[in-house]
Amino acid sequence: MTQATGQTVTESTVPRFARGTRLQYDRVREVWFVQAPERAFHADPIAAEILQLVDGSRTLGAIIDQLAQKFDAPRSVITQDVLAMVADLTDKQVLLHA
């Protein structure tokens, strides 16, 4: 479990983008970025894979399962990465718990 902004991020957490925040692909630069009011974050390829699955209805556990299957990677490694990233973006108020 990871703490972020007083909220615990676990596999049962259902993340969603904060109002006015979205994941967007820049075709010219060929990069993903998170666009938020008055700020933007470059999403590296791993973050982009995770954030593309954030829809406000899927749990982090379901996202982790899908990524583990897609990349044929150990679930425990993916779990650590996903929980840490979501906790960080929750702390920055980019993601909220649905």
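A residue counts as buried when its relative accessible area is under 20%, as exposed when that area is over 50%, and as partly exposed in between, using a 1.4 Å probe and protein chains only. By that rule Gln-93 is exposed, because its relative accessible area is 51%. The structure is a predicted model, in which local features need pLDDT of at least 70 and side-chain atom pairs count only at pLDDT 80 or more, while totals for chains, interfaces and linings use all residues. Residues are numbered from 1 along each chain as its sequence is written, and side-chain values use heavy atoms, with hydrogens and water left out. Helices (H or I, at least four residues) and strands (E, at least two) are DSSP runs numbered from the N terminus.

**Helix 2**

- Helix 2 covers residues 60-71, which makes 12 residues. Its first and last C-alpha atoms are 16 Å apart, close to the 16 Å expected at 1.5 Å a residue; the expected span is 1.5 Å times one less than the number of residues.
- Leu-60, Gly-61, Ile-63, Ile-64, Leu-67 and Ala-68 are the buried residues of helix 2. Seen down the axis of helix 2, these buried residues fall within an arc of 160 degrees, so they line one face of the helix. The arc is taken from the directions that run from the helix axis to the C-beta atoms.
- An α-helix has 3.6 residues a turn, so residues three or four places apart point the same way.
- The buried residues of helix 2 pack against strand 2 (7-9), strand 3 (15-17), helix 1 (45-51) and helix 3 (75-91). Contact here means heavy atoms within 4.5 Å.
- On the face turned away from the buried side, helix 2 carries the exposed residues Gln-69 and Lys-70.
- Asp-72 follows helix 2 and has a positive phi, near 50 degrees.

- Helix 3 has 17 residues, which should span 24 Å at 1.5 Å a residue; its end C-alpha atoms are 24 Å apart, so the two values agree.
- The buried residues of helix 3 are Ile-78, Thr-79, Val-82, Leu-83, Met-85, Val-86, Ala-87, Leu-89 and Thr-90.
- Gln-93 lies in the loop between helix 3 and strand 7 (95-97). Gln-93 is not a glycine, yet its phi is positive, about 60 degrees.

**The nonpolar core**

- A nonpolar core is a set of buried Ala, Val, Leu, Ile, Met, Phe, Trp, Tyr and Cys residues joined through side-chain atoms within 4.5 Å.
- The largest such core has 25 residues, and Phe-17, Leu-51 and Val-82 touch the most other members. Helix 1, helix 2 and helix 3 each supply at least two residues of this core, and helix 3 gives the most, with seven residues.
- Leaving out residues up to four places away in sequence, Phe-17 touches Arg-22, Leu-23, Val-34, Leu-51, Val-54, Val-94 and Leu-95.
- Ala-47 belongs to helix 1 and counts as buried because its relative accessibility is 11%. Ala-47 and Met-85 are 38 residues apart in sequence, and their C-alpha atoms are 7.5 Å apart in space.

**Arg-16 in strand 3**

- Arg-16 is found in strand 3 and counts as partly exposed because its relative accessibility is 34%.
- Apart from its neighbours within four places in sequence, Arg-16 is in contact with Val-54, Gly-56, Val-94, Leu-95, Leu-96, His-97 and Ala-98.
- Arg-16 and Thr-90 are 74 residues apart along the chain, with their C-alpha atoms separated by 9.6 Å.

- Strand 5 (residues 31-36) and strand 6 (residues 39-43) pair in the antiparallel sense over five bridges; two strands pair if DSSP finds at least two bridges between them.
- Gln-35 has Ala-40 in strand 6 as its bridge partner.
- Strand 5 and strand 6 form a hairpin with two residues between them, and Glu-38 in the turn has a positive phi of about 65 degrees. Glu-38 is exposed because its relative accessible area is 86%.
- Most residues other than glycine have a negative phi, and most peptide bonds are trans.

**Aromatic pair**

- Rings of Phe, Tyr and Trp (its six-membered ring) pair if their centres lie within 6.5 Å; planes under 30 degrees apart count as stacked, over 60 as edge-to-face and the rest as tilted.
- The count by this rule is one aromatic pair. Tyr-25 and Trp-32 form a tilted pair, 5.0 Å centre to centre with 55 degrees between the planes.
- Tyr-25 is partly exposed, with a relative accessible area of 37%, and Trp-32 is partly exposed at 25%.
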